[in-house]
Amino acid sequence: MSFPQNFLWGGALAANQCEGAYQEDGKGLSQQDVMPRGVQGPVTAGPTPDNLKLIGTDFYHRYEQDIALLAEMGFRVFRFSIAWSRIYPTGLETTPNEAGLQFYDKVIDTCLRYGIQPLITLSHYEMPLELCRVYDGFRSRKTIDCFVRYAQTVLRRYHDRVRYWLTFNEINVTLISPLLGAGVMTPKRELTAQDRYQAAHHQLVASALVTRFAHELDPELRIGCMAASAPRYPMTCAPDDVMTAMLSQQELDYFITVHCIGEYPYYAQRLWRENGVSLEITPEDREALRHTVDFISFSYYSSKVVAADESRYAMANGNIMRGLKNPYVPVSDYNYPIDPEGLRYILNYLYDRFHKPLFVAENGIGARETLIRLPDGTLTVDDQARIDFHREHIRAMERALEDGVDVFGYTSWGPIDCVSAASAEMTKRYGFVYVDRNQDGSGTLERYRKKSFYWYKKVIVTNGADL
Ligand code: BG6
């Protein structure tokens, strides 16, 4: 089976991981500017020079060159996020920062000039730092209004040029890392489950309010949710392992259900009871949640193995969603499990359950890489492992299409190397394009096409026929 003619091939980036220019043209600080080690280190009092995100890969100044590279690969879609603090520097202003809006005008127009559809994430792991400090991020209900104001501003400004929008990146990560997902500054160890679930509830309400606004503003707009979606596998067929996998899967489905069905799933009561949670849900909240999304987007990096008694097994390596070691799958440079079949599995699972079109918003492999010089003098990277990774995942997606799943796009993670999210390092690269920037901050920031650049270009040109 071949991919549909209008299948959206592309890649995805996040503002805080590539833009840099952390205080240019009126931008305010975000929590990312005080997280120099990502989620793996402390929050600093202010920006520190060791924070690689402050300069990122300088997309803010090099967006034209970067988008030209994406166009050269034949991209049909480019997923990127807007830095909320460029538009509302503290999140509390009532009028937006025009210079911030103009920057995204230019990014969008450049994409359109090349025939690339922009797909915008409204919040990709960042919000104005002031809101984190004053309201503890989405722990406070007040942050909902600030987010809605920001989203309305950018939807009004760009809706005639941008059809696809996502509200919160990997919204389910709020329960695991409330600082990353919801801007909650209080250290996680001091938070109760009540705090985390309530913050997630506020985000779900904010997401639904924005979805309602977007649909009223322009019926052409397509709004999606976005979840980190490692499908859960039981370690064994022992009934308690299988049940553990089902319950763990429900933690992911919880978010997608609210977005797609418009209310909490039946098992939410059990989940809340077991976690000592008594959610404050107003009648207005319930009404807002009824406004459901048009499609489901998700990131897929690998499956996650769970067991009733996890102490009996070794842990796998991984970012934010680590499971147990899966003896049946190979691992990457970083020892992360590689499981293409899991992509076919989750596509079928989500489509069967929610009956909404699906979009693979992230997929990729992080690797340590160095530039090599070819005999003709060209500098490049031989990233065959990346080609193999994407090829197998695209094949799995094709099998899901054959299964009958409606999947309409695929954006690889970090098509141009960027600073990683979990550990804020430059060493872990996902790109088809190498950026000359080192862990110590040195480097020219020049871009170099890797071997995978030419491979992905061929994949897109043949609409997935030549893998
Ligand atoms: C996803 C995030 O979870 O994983 C991205 O949405 C992130 O922001 C990607 O970069 C890869 O993770 P990392 O930590 O290796 O950059």
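## Stop one: the ligand

Select the shell around the ligand: its residues divide into 6 nonpolar, 7 polar and 3 charged. Here Ala, Val, Leu, Ile, Met, Phe, Trp, Tyr, Cys and Pro count as nonpolar, Asp, Glu, Lys and Arg as charged, and the others, Gly among them, as polar. Of the 16 residues around the ligand, the nearest are N319, G366, S420, A421 and A422. A residue is near a molecule if its C-beta atom, placed from the backbone, lies within 6 Å of it.

This is a predicted model: local features need pLDDT of at least 70, side-chain atom pairs count only at pLDDT 80 or more, and totals for chains, interfaces and linings use all residues. Residues are numbered from 1 along each chain as its sequence is written.

## Stop two: helix α12

Now select residues 341-354, helix α12. Helices (DSSP runs of H or I, at least four residues) and strands (runs of E, at least two) are numbered from the N terminus. Which residues of α12 are buried? They are G342, L343, R344, I346, L347, L350 and F354. Buried means 20 or more other C-beta atoms within 10 Å of a residue's own; exposed means 12 or fewer, and partly exposed lies in between, with C-beta atoms placed from the backbone. The cover over these buried residues includes α9, β7, β9, α13 and β12.

Axes are lines fitted to C-alpha atoms, for helices over the stretch in contact, and angles run from 0 to 180 degrees between N-to-C directions. On the α12 side, the contact is made by E341, L343, R344, L347 and N348. From α13 come H393, A396, M397, R399, A400 and D403. Contact means C-beta atoms, placed from the backbone, within 7 Å.

## Stop three: I416

Select I416, in the loop between β12 and β13. I416 counts as buried because it has 24 C-beta neighbours inside 10 Å. Beyond neighbours within four places in sequence, its contacts include L13, T57, D66 and L69.

## Stop four: two positive phi values

Most residues other than glycine have a negative phi. Select A21: its phi is positive, about 45°. A21 sits in the loop between α1 and α2. Then try D136, between α5 and α6, with a positive phi near 60°. Is D136 buried or exposed? D136 is buried, with 20 other C-beta atoms within 10 Å.

Technical notes. Two residues are in contact if their C-beta atoms, placed from the backbone, lie within 7 Å.
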